[in-house]
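Please read them with the structure open beside you.

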Amino acid sequence: MPPEQPEIRITTDGACKGNPGPGGWAAILQWNGVEKVLQGAEAHTTNNRMEMMAALRALEALKRPSTVRLSTDSRYLLDGMTRWLHGWKRNGWRNASKQPVKNADLWMALDQAARPHVIHWEWVRGHSGDPMNERADSLANEAIAAFRMAD
């Protein structure tokens, strides 16, 4: 019998100062009482790209196939991964209007990073008091501040 997949809780968030503008992302990974925080920032980006980057970097950090409960306050990320991705791939990365899919580079990378895992996508309302979402938001904004300080 194969070993059980680890169960990992991931909370992600992205932030942008201006849209586009400087942006940051954060992911909090939790499993078996262990926690790992990932953060990053970019000089010129969008909020949607930062939301996607948080999930991408979190999934890329997983060392083996896992069962993941990924929490996000981004409907764009959630709907993209659970509703739109299959159609975009089928239509050659074009949307329903036959236009190229925005952020296709990140959608392709997310699709690849998600493949080894069983992912349960959860949406939480942003800025509504969910402690982990608030913490991820704070970490994403910290990443922007640190990036600006280093610049």
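1. In this predicted model, Val 68 has Ile 119 of strand S5 standing opposite. The two residues belong to a pairing in which strand S4, residues 67-72, runs parallel to S5 and is joined to it by 6 bridges.

2. This pairing is part of an open sheet of 5 strands, which follow one another in the order S3-S2-S1-S4-S5 with mixed pairing. Strand S3 (34-45) and strand S5 (118-123) each have a single partner strand and stand at the edges, so that one side of each is left without a neighbour in the sheet. On average, and with direction ignored, neighbouring strands of this sheet are turned by 20° against each other.

3. Helix H1, which spans residues 47-61, packs on the sheet and touches strand S1 (7-16), strand S2 (21-31), S3, S4 and S5. The direction of H1 makes about 155° with that of S1.

4. The loop between H1 and S4 holds Ser 66, and I would look at this residue with some care. Is Ser 66 buried or exposed? Its relative accessible area is 1%, and because buried means under 20%, Ser 66 counts as buried.

5. As for the surroundings of Ser 66, a polar atom of its side chain lies 2.8 Å from the backbone oxygen of Arg 64. If neighbours within four places in sequence are left aside, Ser 66 is in contact with Gln 5, Pro 6, Ile 8, Pro 116, His 117 and Val 118.

Notes. Residues are numbered from 1 along each chain as its sequence is written. This is a predicted model: local features need pLDDT of at least 70, side-chain atom pairs count only at pLDDT 80 or more; totals for chains, interfaces and linings use all residues. Side-chain values use heavy atoms; hydrogens and water are left out. Two strands pair if DSSP finds at least two bridges between them. Helices (H or I, at least four residues) and strands (E, at least two) are DSSP runs, numbered from the N terminus. Axes are lines fitted to C-alpha atoms, for helices over the stretch in contact, and angles run from 0 to 180 degrees between N-to-C directions. Contact means heavy atoms within 4.5 Å. Buried means under 20% relative accessible area, exposed over 50%, partly exposed in between (1.4 Å probe, protein chains only). A polar contact is a pair of N or O atoms within 3.5 Å; within protein, one must be able to donate a hydrogen and the other to accept it, and residues adjacent in sequence count only if both atoms are side-chain atoms.
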